[in-house]
Amino acid sequence: IGDVARALRARRRDHSIRITVAGRNISRGLRFMLSKQGVTVISPVESMYDLVRSKDIAILPMVSGSGMQSKILEAISWGVLVMATQRTATPLRLIRDEEYIEVESAGDIVERLLDVANGRYKIDSLKRKAHERIEVFGWERTCEKLIEEYAR
């Protein structure tokens with residue numbers, strides 16, 4: 001994310017594209033490093049729902065860790081455009097450039113952010129299709145599938 005912030009500053013887009021990093025227990029060192037790059041750091045987060053909903057894009061450049069898919073599901077269900085790695089999106093069967101925007105590196109994030117800013121993507125369509133895709137993960141459907149499995 002620091003590399004993204006530096007690249008946006010080098011392209012003089014850091015005033016029109018602002019980055020916020022939010023999470024639980026962000027270290028002082030990481031907070032300091034990101035803040036030096038002009039990144040807003042919020043930790044702890046009072047309401048992740050309110051914070052994410054106040055943003056245009058949720059960037060999830062995760063390559064490992066627990067809860068990757070739930071973070072995408074939350075962002076999509078909250079009506080936010082998602083940028084994520086293929087590894088994070090594949091288990092959810094999200095379709096690249098139709099339901100999410102794929103990013104694999106800091107350079108990808110910068111280019112895709114600029115693409116969004118320049119109108120390359122149909123944002124409303126991406127968000128709508130993503131929301132339709134994740135409906136299969138609703139509690140009712142999940143419970144129905146579990147009951148079917150237990151009944152076997």
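User: Taking contact to mean heavy atoms within 4.5 Å, which residues is Val 116 in contact with, leaving aside neighbours within four places in sequence?

Analyst: Val 116 is in contact with Ile 57, Leu 81, Met 83, Ile 101, Tyr 121 and Ile 123. Before we go on: this is a predicted model, where local features need pLDDT of at least 70 and side-chain atom pairs count only at pLDDT 80 or more, while totals for chains, interfaces and linings use all residues. Residues are numbered from 1 along each chain as its sequence is written, and side-chain values use heavy atoms, with hydrogens and water left out.

User: Fine. Where is Val 116 found?

Analyst: In helix H6, residues 106-117. Helices (H or I, at least four residues) and strands (E, at least two) are DSSP runs, numbered from the N terminus.

User: Zooming out, how many helices and strands does the protein have?

Analyst: There are 8 helices and 5 strands. Reading along the sequence you get α-β-α-β-α-β-α-β-α-β-α-α-α. The C-alpha trace spans about 60 × 35 × 25 Å along its principal axes.

User: What share of the contacts with a separation of 6 or more comes from residues 24 or more positions apart?

Analyst: Those pairs account for 48% of them.

User: What percentage of the residues count as buried?

Analyst: 34% of the 152 residues. Buried means under 20% relative accessible area, exposed means over 50%, and partly exposed is in between (1.4 Å probe, protein chains only).

User: Which residues touch the most other members in the largest nonpolar core?

Analyst: Val 4, Leu 8, Val 39, Ile 101 and Leu 113, out of 21 residues in that core. Helix H1 (2-10), strand S4 (81-84) and H6 are the elements giving two or more residues to this core. H6 gives the most, with 5 residues. A core here is a set of buried Ala, Val, Leu, Ile, Met, Phe, Trp, Tyr and Cys residues joined through side-chain atoms within 4.5 Å.

User: Which residues are in the other core, the one that lies apart from it?

Analyst: That other core has 18 residues, among them Val 52, Ala 58, Ile 76 and Tyr 100.

User: Back to Leu 8: what is that residue in contact with, beyond its neighbours within four places in sequence?

Analyst: Leu 8 is in contact with Arg 13, Asp 14, Ile 17, Ile 19, Val 110, Leu 113 and Leu 114.

User: Ile 147, buried or exposed?

Analyst: Exposed, since its relative accessible area is 57%. Ile 147 is in helix H8, and its C-alpha is 34 Å from that of Asp 50, 97 residues away in sequence.

User: Which element has the lowest mean pLDDT?

Analyst: Helix H8 (residues 139-151), at 76, whereas strand S5 (residues 101-102) has the highest, 98. pLDDT is the predictor's confidence in each residue, from 0 to 100. Across the protein the average is 91, and 95% of the residues score at least 70. Where pLDDT is low, the predicted coordinates should not be read in detail.

User: Last one: how many positive and negative side chains are there?

Analyst: 26 positive and 21 negative, with the centres of the two sets 7 Å apart. Lys and Arg count as positive and Asp and Glu as negative, leaving out His and the chain ends. The place of a charge is NZ of Lys, CZ of Arg, CG of Asp or CD of Glu.

Conventions. Contact means heavy atoms within 4.5 Å.
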